Amino acid sequence: MSGIFNQVRIDQTRTEILSLSQSIKDWIDKRQAADIVGQHHTQLSVLKTVLTTALAKIETGLDAVSLTTPVQDLYATCRLLDRRVVWVRRVWDYYSSRFAQREDATLGKVLKAADEVVWSCYDEVFRNAKEQDDTLKRGTPPLPYIDLYYSPHAIPRAEPPPFLKSDVDAPFLQKFMQELPIPIVGLPAVCLRSPWCLVSVGHEVGHHVLYDLLPNFELQKTFGKLIRNAAYAASDKDSVVARRWEGWEKEIFADLFSILCMGHWALWAIAELEVADLPTMFKSTTLYPAPVVRLSLMAHMLKALGLESVPTLGGMSLAEIVAAGEEAEVEDNVREAVSFDLCVAPAVARAAVATPVGELGSLKSLCGWDNEDFKPGGVVMALAEDLRDLNAAANPTLRAARLYASSAVAAWVETTRDWDRKAADAEAAPDAEQRDEVRAELAEHVLKVIGNSRVDGTRSAEKRAPAAEAERLGIELGEMLLGLNPIVPGETIR
């Protein structure tokens, strides 16, 4: 049989490799040219180098295929390589679609502000940590995008999303995603019209800080032990309760971090997501405390930080929710567990607030916590008044974006309170059209102020910036792609 059939099949695979490599290069070159201020310089550079180097490595595997290989074995080999190319394409599409949202007029305006809030929450803790230990390196900051989910969420690089784990999945996936550190923050579409919801960014960035601040997930390990030990002591050494609380450690850390970034307005953000009918408020899961326990825990954290006042939760106070729960139609064992967890919460909150981060000091100090910012008459309330008057000014400092995110919530809450006070007077109360006009003006002003509060400089990742390092990662990925399934005649292609 003529070798032309084998050659045509090899050419087909090679065309896919070269075409994808060129598409990646062209798209990233275009993005980098448009990224004048270097906002995403490192993310794009690493993505380009790693993926194109990996594709080149796959091509070397194709080069090793002999034209004299039996046709059935050669086709099996090419199909395996095609599947590896598809997986690289999937990784590229995953990230490129999130970058591309910035080209949309509406999405781009919101994401410009979201980028600043993310950076404000993420970078300060690393800067302060590096002052204590200059060997620590900051990774690539999380990339926010608008997702089709109701709730905001974080996708750490160590936990690849289902989109990347479909029919081209492979055991190397988790390792590779750790080697290509572009963590993700998914934001709900409500941020487009209500940008004060960007206050939830603090919680999502907290997930990434938990993973990234110390090497080898050390912070996550120590925080989990801290929560377990605090719950164990507060429950009279009940190991079942201690394990239950330890299972909530990721969300507890993210809630704490959001408070350290956003003050009590972080509690407002969680309340927006959690306040529901009373039976639901008393339901816990393996990852989350019952909503009433979660909100109570955050309130105790605020108290431990010196902030007594908290916003109302859907028109109800925490005390009112807990009291109403006594009459809720929930099973006795559920009510008993929640009651017990509410008693444990104060001790867990105090322990969490004092969280030590290795030899770097407390998490509170690393976040630059200052409760004066959030007290009545403090910075946040002053900024809120400026926002409501539509005369707030951009402030290109690291803390500004997250403080403006908090003040945007305060401005919106005060606006709705004004409407509530006027509701009794039919002539004074604004109608739906007037309320929407006020909301739209405030939203536009919030996005403008936060988006323009950018700190100058390229946001490079100290861990992954050198081109040689990116090339090494690409080679490693290519070797994983080629070496995962040794190509053996007659093997089943997976």
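Me: Which way does α8 pass α15, left-handed or right-handed?
Reply: α8 passes α15 in a right-handed crossing. Bear in mind that this is a predicted model.

Me: What angle do α8 and α15 pack at, and how far apart are the axes?
Reply: The angle is about 145°, and the axes of the two helices are 9 Å apart. α8 covers residues 218–234, and α15 covers residues 332–353.

Me: Which residues meet there, α8 side then α15 side?
Reply: α8 brings Phe-223, Leu-226, Ile-227, Ala-230, Ala-231 and Ala-234. They meet Val-344, Ala-347, Val-348, Ala-351 and Ala-352 in α15.

Me: And by class, how many are nonpolar, polar or charged?
Reply: The contact of α8 with α15 has 11 nonpolar residues, no polar ones and no charged ones.

Me: Is Asp-236 buried or exposed, and why?
Reply: Exposed, because its relative accessibility is 72%. The cut-off for exposed is over 50%.

Me: What about Leu-390, where does that one lie?
Reply: Leu-390 lies in the loop between α17 and α18. Its phi is also positive, near 60°, and Leu-390 is not a glycine. At 37% relative accessibility, Leu-390 counts as partly exposed.

Me: New topic. Why is α11 called largely enclosed?
Reply: Because 8 of its 10 residues are buried, helix α11 (residues 265–274) is largely enclosed by the rest of the structure.

Me: Which α11 residues are buried?
Reply: Trp-265, Ala-266, Leu-267, Trp-268, Ala-269, Ile-270, Ala-271 and Glu-274.

Me: What do they pack against?
Reply: Helices α7, α10, α12, α13, α17 and α18.

Me: Zoom out. How many helices and strands are there?
Reply: The protein has 20 helices and 3 strands. Of its 494 residues, 52% are buried.

Me: What is the average pLDDT?
Reply: The average is 86, and 85% of the residues score at least 70.

Notes:
Residues numbered from 1 in each chain as written. Predicted model: local features only at pLDDT ≥ 70, side-chain atom pairs only at ≥ 80, totals over all residues. Heavy atoms only, no water. Helix = DSSP H or I, 4+ residues; strand = E, 2+ residues; numbered from the N terminus. Buried < 20%, exposed > 50% of the residue type's maximum accessible area, 1.4 Å probe, protein only. Axes fitted to C-alpha atoms, helices over the stretch in contact; angles between N-to-C directions. Left-handed = near helix turned anticlockwise from the far one by under 90°. Contact = heavy atoms within 4.5 Å. Nonpolar A, V, L, I, M, F, W, Y, C, P; charged D, E, K, R; others polar. pLDDT = per-residue confidence, 0-100.
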